[in-house]
Amino acid sequence: MTKAFALEAELYDVMPGRRAQTDVAFYRDLVERHGGPMLELACGTGRVSIPCAKAAGEVVGVDLAPAMLAQARSRAEAEGVADVASFVEGDMCTVRLDRTFPLVTMGGQPLFFLPTDEALKAALETVRVHLAPGGRWATGVPVLHWEDLAAQQDRLLFVAEVRHPRTGQRVAVWDYTSVTEVTQVATRRRITEILDEDGLVLERRHSMQTLHYRHPAELQRLIRDAGFVFEEIHGSYQGAPFGPKARQMVWVARAADN
Ligand SMILES: C[S@@+](CC[C@H](N)C(=O)[O-])C[C@H]1O[C@@H](n2cnc3c(N)ncnc32)[C@H](O)[C@@H]1O
């Protein structure tokens with residue numbers, strides 16, 4: 001794990017807007033409707049799984065990044081759910097836990113971290129093999145609208161200044177994003193600066209993240225071909241109808257043969 005990624009993991013939960021995100025309520029509502037235990041693939045810091053843990057009875061989070069898992073474990077401890085929340089290092093394309101769950105979730109668009117259709121199909125197979133009979137898979141992705149991204153294209157934009165949650169230092173965060181419309185690939189260079197109280201940069205880190213968007217029709221086809229049926233498709237986590245102007249595609253699906 002690089003130091004740059006460890007810093008991003010420590011800052012993940014304090015970035016502006018993180019706590020206000022509406023997807024947590026969507027996933028918690030699903031747990032209340034359908035019950036747990038819940039498996040969260042690409043769980044990160046437990047932003048979604050930890051608030052669902054009590055209602056689910058048990059949550060298991062899987063993530064590739066040890067630094068994110070370390071945050072998740074200490075957050076579960078701090079929020080008093082460590083007895084019902086466990087976190088496992090693994091790749092959502094290959095992990096096999098040898099058990100099934102009534103609910104499998106993926107908060108925060110992790111499907112778009114997968115660079116190829118082969119990787120995406122492997123992740124869908126991971127979901128399928130972990131679904132209990134009648135179990136549901138729920139997740140969402142952003143829908144790429146060029147006009148939304150054009151304002152950020154090839155520009156260095158200030159994101160926020162936050163306090164480092166462990167050291168209390170000032171931290172300034174900047175993003176430089178480039179999107180290639182025809183390939184649907186977005187590359188984000190995140191520049192994270194640790195400042196002293198006078199604003200002098202003590203440390204500057206650059207980290208790269210690539211998102212591989214898929215058009216909703218393309219993604220729906222891949223999901224159906226992988227043996228899922230859609231129970232619900234929404235245009236937002238609050239249940240707006242899905243249509244051409246939707247900024248999100250959010251769904252609940254079941255395995256067709258299960
Ligand atoms: C944007 S974060 C989302 C984290 C969390 N689900 C949330 O909603 O806050 C994406 C996470 O996906 C993880 N990730 C990316 N590719 C992965 C893979 N192939 N298998 C497991 N985790 C993966 C990253 O380590 C990161 O923690």
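Let's start at the ligand: a polar side-chain atom of Asp91 sits 3.0 Å from one of its nitrogen atoms. Keep in mind that this is a predicted model. Arg47 uses a polar side-chain atom, which lies 2.7 Å from an oxygen atom of the ligand. With Ala42 it's the backbone that matters: an N or O atom there lies 2.7 Å from a ligand nitrogen atom.

Now step back to the whole surround. The ligand has 18 residues around it, and the closest are Tyr12, Ala42, Arg47, Asp63 and Met92.

Next, on to the open space in the model. The second largest pocket holds about 160 Å³. Its lining is made of 10 residues, and those nearest the centre are Glu10, Asp13, Gln71, Ser74 and Pro165. What sort of residues line this second largest pocket? Five are charged, three are polar and two are nonpolar.

Where does that lining come from? Helix 4, residues 66-78, gives the largest share, with three residues. Zoom out to the domains, and the second largest pocket takes at least three lining residues from domain 1 (3-140 + 216-255) and at least three from domain 2 (146-212). So if you're tracing this pocket on screen, have both domains in view.

Definitions and conventions: Residues numbered from 1 in each chain as written. Predicted model: local features only at pLDDT ≥ 70, side-chain atom pairs only at ≥ 80, totals over all residues. Heavy atoms only, no water. 1 Å grid on protein atoms, 1.4 Å probe; cavity = no way out; pocket = protein on both sides within 12 Å on 5 of 7 lines; lining within 4 Å. Points joined across faces, edges and corners; volume = space filled by probe spheres on them. Helix = DSSP H or I, 4+ residues; strand = E, 2+ residues; numbered from the N terminus. Nonpolar A, V, L, I, M, F, W, Y, C, P; charged D, E, K, R; others polar. Domains from an automatic or database assignment. Near = heavy atom within 4 Å. Polar contact = N/O pair within 3.5 Å; in protein donor to acceptor, adjacent residues only side chain to side chain.
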